Amino acid sequence: MEAIGNLLWTIVSFYNFLLIRIVIVLVLMLLTAAYLVYFERKISAWIQDRIGPNRVGWKGALQSFADVFKLLLKEDIVPDNANKRIHTLAPMLALFVAFTTYAVIPIGPGLNIAGYEIPLVIADVNIGVLYILALTSLGVYAITFAGWSSGSKYSLLGGIRSSAQMISYEISMGFSIGGVVLLSESLRPIAIVESQSGWMWNAFVQPIGFITFLVSAFAETNRLPFDLPEAEPELVGGYHTEYSSMKFAAFFLAEYANMLIASTLIVTLYLGGWQIPYIETFGLSSGLVLALQIAGFLLKVGLLLFFFIWVRWTIPRFRYDQLMSLGWKVMFPLSLLNIVWVAFLIMVFRI
Amino acid sequence: MSEKNIPAKKRIKDLNSLEKVYFPEILKALKLTLKTMFRPKFTMQYPEEKFIPTGSYRGRPILVMENNGEERCVACGLCARVCPPLAIEVQAAETEKEKERYPVRFEINMLRCIFCGFCEEVCPEEAIVMSKDYELAFTKREDAIYGKDKLLVPVNQLPDKIGFLRNYR
């Protein structure tokens, strides 16, 4: 009995409670994604002078779970012309990318309980930013596969648009991150957060980079001003036209999980992560500071998520050529300019 | 010439440099939607909270029943005549009372009725009026044919409608 207990303890405490951290983050992510759907509907309703879902649960709070059950119970249709294997692979890939990206984003500084040093991040890797960039570009495959394998022209058009769009905006995204990395001299997310102490948030130090990154993040997550892969009026549903049931739900979930990742990434890279400026000067106890810092991180992410939804219901969709010219003729030069600006700052102030 | 005073439609080249940047315009739009978000909503929670129409509302047509329990209708058949979708059927008969004629059978097929209100307009006796009742759902076709039992409504239940007809017709 004791042996089993010891074994269980070894498994649970493996690598500073890695398993527990993974479970907590996964559950948090799924819950946030579910409630993002709810808030998306609510906020869109408020913007359009409506009330929004209010029947399931208190003020409609259980609406997204009802939606998930509905999708689960629906028939899963695979079109005759589809390449069935890739058709099935695509949503899995989308979900995989959405969930694994979160591994390197720190929620707060380290936690110290009963002699165990628990970092509040799943994997504290020194190439974290590179890992995120690699995985998000893998996300293009999910959409492209989905569009190509469906055997439908609308899906194909959506998939092609998405690959063009995401590859174009990844360039300005990468160059914007270049400015951040120049300042922090590290690709480690925790080091990047720690380099933004006080009010030295990257959003204030390099506002151009912040804006280009924000716009690229919108394009990467296929959110509304750039949701050409879906573009309901032109492409029926874009890449997920031919998807139904849980496979569609997977894409749906992946979109919201991507939104969450984009928000956490923006907070980590540009808004000082978990840091609250000059909190250490208030003379609070370390536990309270930690709690406040985690709350601060969550608040920042929440505000950004609200911003994502708010923008979606405000700005109309770009035309495809406008999207491309914005990406290549505006965002790309701007992100280059940002690198020059950061280099200038480093040269002058020797930060 | 007055044509010169009409401003031409704004083209891309007419936008000023601030508008061309597009960013301030986005902020303006965001401000507008944020304001809208906190505006009071006027949605009615329908089954719990019902819309109460005014007297001029054209709901389902009904027959007016006098206080002595008799219908006003004299079975002239004008409503049946004017009814565009032929929803009304009247069968007249004679009576000893002052009005001499009354409808033995008066049926309105609610599947046909288009709520145009012509019957109400044409009625010389103010006997058929459009009520405020708008909740009409049937599970059987037979249920949709309203006979005299369902059509007769006491006159004291219709003060709004009668008042409206008196004042504005």
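Predicted model: local features only at pLDDT ≥ 70, side-chain atom pairs only at ≥ 80, totals over all residues.
What does the chain B pattern look like along the sequence? Reading along, you go α-α-β-α-β-β-α-β-β-α-β-α, which comes to six helices and six strands. Now, the overall form. The radius of gyration of chain B is 27 Å, whereas the globule rule gives 15 Å for 169 residues, so chain B is more spread out than a compact globule. You can see the extents in the C-alpha trace, which spans about 90 × 50 × 35 Å along its principal axes. And how much of chain B is buried? Buried residues account for 17% of the 169.

Let's hop over to chain A, and to one pair of helices there. Please find α10 of chain A, residues 245-270, and α11 of chain A, residues 286-312. Their axes come within 9 Å and cross at roughly 125°. That angle makes α10(A) oblique to α11(A), and the crossing is right-handed.

Which residues make the contact? On α10(A), they are A:M259, A:L260, A:S263, A:T264, A:I266 and A:V267. Facing them from α11(A), we have A:F297, A:K300, A:V301, A:L304, A:L305 and A:F308.

How values were computed:
Residues numbered from 1 in each chain as written. Chains lettered and ligands numbered in written order. Axes fitted to C-alpha atoms, helices over the stretch in contact; angles between N-to-C directions. Helix = DSSP H or I, 4+ residues; strand = E, 2+ residues; numbered from the N terminus. Parallel < 35°, antiparallel > 145°, perpendicular 65-115°, else oblique. Left-handed = near helix turned anticlockwise from the far one by under 90°. Contact = placed C-beta atoms within 7 Å. Rg over C-alpha atoms; globule rule 2.2 N^0.38 Å. Buried ≥ 20, exposed ≤ 12 C-beta atoms within 10 Å, placed from the backbone.
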